[in-house]
Amino acid sequence: VEFTARPGSQEVVMEDAATQVQILKTESGTGAPLPGAGLQLADSEGNIIEEWISGDEPHRITGLHAGETYFLRETAAPEGFIQAQELSFVVEDSAGVQQIVMENVKAELEILVEKEGPEQTEAGARFSYQITALENASNTELEEFTVTDRLPAQGRLLEINTGVFSDPVTYDIFYRTDASEEWLPLAEGIDGALNRHISLDRIGIPEGQRITELCWRFGTVPAGFSIGEEAPEYWMETDADTESGTHLVNQIRAEGLWRGEGLWDEDETETEVTRDPEPEPCPEPETCPEPEPCPEPETCPEPETCPEPEPCPEPETCPEPETCPEPETCPEPETCPETESCPEPQASRAVPTGDGAGPGLWAAAAGLSLGALAVCRIIKKKQEGDHE
């Protein structure tokens, strides 16, 4: 303060000018004023100093304490702009106007999702799908980030590898079947940094039902959220009776909310089912002519009845053998008459004795004796023969 000294008492008054802070809301990149933002100024103790809605002209605040820290917050961003982060500033000890600028970035909202599958597969074969892209490509976080995957009706889900993600998230997977519209938990509280394997055989899905949809619920995800080094993948098996030429259609949709407004992206894959060519049908076998009926076998004539054999004549009764007559009792052999005593030889016919007897005489005597013996033998034999 400049003043001129005069004789006598003189009063000099120095007044401190009030601080002046000018707050301007602008669009990032262009610097153009951005009306419609809800703003709030608070001191270091959290007391609200002033609230207002930004317009085309800067908002001026007078009388803030120099040297103190104040906090500028955006309570509502203008339509189409990302809410700005809170900023702090220290009031300058100056008579000039201190300008504070808070910028808003225009929201660029985008979600990307892509899925790949084989172009062809055989009926009854196993094949896999892979989610090759899943990203919050926005420059702001999204709420209720969800992926819904509709599986083809002609296949059965077997296994899932959840993959890993770029940012720390915890998410849940739900499913529903062809028997109900209700979402049921498949796996909950999955760490996004871990690739988890899930076998559908262990889930206990009722027999005869199959999973038709999967829903991955991530909640709020930051800008740039995406798949990490390992992509989600799952395996299916086509129905064995699927006709050749059938197209298995898989639809996937990723969606999220920003300020209650939804955005999404979709992708679709088709896989054609093939079958081994059917073998040519065998020609119909020629119809064999009906065999001629066999002639009726000739009836054999009844065998002639053999005449009854004539009865054998009774064997002639052999005549009783004639009783042999009792053998005649052989007559007792006649007792030979006592031999008459030979008459004493006459002296004239005496047999000489001694050396003087001649041979002829001895011979005659011997012949008589032998003849008598022979007669006796003949008689005996005759008796024996009669006995026989």
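How much space lies in the largest cavity? In this predicted model, the largest cavity holds about 40 Å³ of space. The count of cavities of 30 Å³ or more comes to 1. Rolling a probe the size of a water molecule over the atoms shows where empty space is left. The lining of the largest cavity is made up of Ile23, Leu24, Lys25, Leu39, Trp52, Ser54, Gly55, Glu57, Pro58 and His59. Strand 1, residues 20-27, supplies the largest share of this lining, with 3 residues. By residue type, the lining of the largest cavity divides into 5 nonpolar, 3 polar and 2 charged residues.

The protein chain as a whole contains 1 helix and 19 strands. The chain has 388 residues, of which 29% count as buried. Among the contacts in the protein chain with a separation of 6 or more, 71% are between residues 24 or more positions apart.

The largest nonpolar core has 39 residues. Within this core, Leu134, Leu157, Ile160, Phe165, Leu214, Trp216 and Phe218 touch the most other members. Strand 16, residues 211-221, contributes the largest share of the core, 5 residues. A second, separate core has 15 residues, among them Trp52, Ile61, Ala84 and Met102. Trp52 is also listed in the lining of the largest cavity. In soluble globular proteins, nonpolar side chains tend to be buried together. The contacts of leucine 157, with residues up to four places away in sequence not counted, are Leu151, Leu200, Ile211, Leu214, Tyr234, Trp235 and Met236.

The loop between strand 10 (126-136) and strand 11 contains serine 138, and threonine 140 is placed in the loop between these two strands as well. Serine 138 counts as buried because its relative accessibility is 6%, under the 20% limit. Its side chain reaches the backbone nitrogen of glutamate 110 at 2.8 Å. A polar contact of 3.0 Å also joins the side chain of serine 138 to that of asparagine 136. With residues up to four places away in sequence set aside, serine 138 touches Glu108, Leu109, Glu110, Ala223, Gly224 and Leu263. For one of these, alanine 223, the C-alpha to C-alpha distance from serine 138 is 5.6 Å, although the two are 85 residues apart in sequence.

Threonine 140 has a relative accessibility of 10% and therefore counts as buried. The side chains of threonine 140 and tryptophan 258 are joined by a polar contact of 3.5 Å. Apart from neighbours within four places in sequence, threonine 140 is in contact with Ile82, Leu109, Ala223 and Trp258.

Positive phi values were found in residues that are not glycine, including glutamate 144 and arginine 259. For glutamate 144, phi is near 50°. Glutamate 144 belongs to strand 11, which spans residues 142-150. With a relative accessibility of 52%, over the 50% limit, glutamate 144 counts as exposed. For arginine 259, phi is about 55°. Arginine 259 is located in the loop between strand 18 (247-258) and strand 19 (261-274). Since its relative accessibility is 40%, arginine 259 counts as partly exposed.

How values were computed
Residues numbered from 1 in each chain as written. Predicted model: local features only at pLDDT ≥ 70, side-chain atom pairs only at ≥ 80, totals over all residues. Heavy atoms only, no water. Helix = DSSP H or I, 4+ residues; strand = E, 2+ residues; numbered from the N terminus. Buried < 20%, exposed > 50% of the residue type's maximum accessible area, 1.4 Å probe, protein only. Polar contact = N/O pair within 3.5 Å; in protein donor to acceptor, adjacent residues only side chain to side chain. Contact = heavy atoms within 4.5 Å. 1 Å grid on protein atoms, 1.4 Å probe; cavity = no way out; pocket = protein on both sides within 12 Å on 5 of 7 lines; lining within 4 Å. Points joined across faces, edges and corners; volume = space filled by probe spheres on them. Nonpolar A, V, L, I, M, F, W, Y, C, P; charged D, E, K, R; others polar. Core = buried A, V, L, I, M, F, W, Y, C linked by side-chain atoms within 4.5 Å.
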